[in-house]
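Dear colleague,

Please find below the structure that I am handing over to you. My findings follow it, and I would be grateful for your comments.

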Amino acid sequence: MSEYIREDRERRGRDEIQRREEQREMRDDRAREPPARTQDRDEADSMRRLADVVNDPDIAIDTSMMRSINDPEQIMMPSGEVAKVTRRMSRRGSRFPSFRRDFILPRTNKKRKKNPKLAQAMREANAKGRKKNGGFKKGYDQARIAKLAQKILKRMK
């Protein structure tokens, strides 16, 4: 008798897992569907945005910018960096393209310039949070040392 009860529980557990998977798939399918917008409305929006750029006298587009604009493999990140889009999808099947950090176009020299004050702050924070053998003192980890360095840097300015 107990054998039948155990099999019944196992079957119910498998059914529950299958039901959850189906619900998750339905939710993912709904998330992948584009919002209901008409083609005319999309075209009007894109034309309005293009007109904003064309009519702005402060914007001057050179040939390298034009190549970036017309290249479907490039996208601008919210930080302003231009990155190449990879066609790999994430494991969850996200509808958003994934980015590879090594494909991000190089920064200018100004952005790459070293910050000597930050280096000094990191040295001070590491001295405070590490033992003589190089390990962390109790209560310290790399995140805490980085936060401490930012705090020291703020005091330096």
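Accessible areas come from the Shrake-Rupley method with a 1.4 Å probe. For this chain, in a predicted model, the accessible surface comes to about 14300 Å², and carbon and sulfur atoms account for 53% of that surface. Of the 157 residues in the chain, 11% are buried.

The secondary structure consists of six helices and three strands, arranged along the sequence as α-α-α-β-β-β-α-α-α. Of the contacts between residues at least 6 apart in sequence, 28% join residues at least 24 apart.

Helix 6 covers residues 142–156. Its 15 residues reach 21 Å from the first C-alpha to the last, close to the 21 Å expected at 1.5 Å a residue. Ile145, Leu148, Ala149, Ile152 and Leu153 are buried in helix 6. These residues lie on the same side of helix 6, because they cover an arc of only 140 degrees around the axis. Helix 5 (116–129) is included in what covers them. Lys147, Lys151 and Lys154, by contrast, are exposed on the other side of helix 6.

A nonpolar patch on the surface is formed by Val53, Ile59, Ile61, Met65, Met66 and Ile69, with about 490 Å² of accessible area together. Helix 3 (residues 63–70) gives the most to this patch, with three residues. Ile61 belongs to the loop between helix 2 (39–55) and helix 3.

With kind regards

How values were computed
Residues numbered from 1 in each chain as written. Predicted model: local features only at pLDDT ≥ 70, side-chain atom pairs only at ≥ 80, totals over all residues. Heavy atoms only, no water. Patch = residues over 30% accessible without salt bridge, like charges linked within 9 Å, V, L, I, M, F, W, Y side chains within 5 Å. Salt bridge = Lys/Arg side-chain N within 4 Å of Asp/Glu carboxyl O. Helix = DSSP H or I, 4+ residues; strand = E, 2+ residues; numbered from the N terminus. Buried < 20%, exposed > 50% of the residue type's maximum accessible area, 1.4 Å probe, protein only. Contact = heavy atoms within 4.5 Å. Expected span 1.5 Å × (residues − 1). Arc of directions from axis to C-beta.
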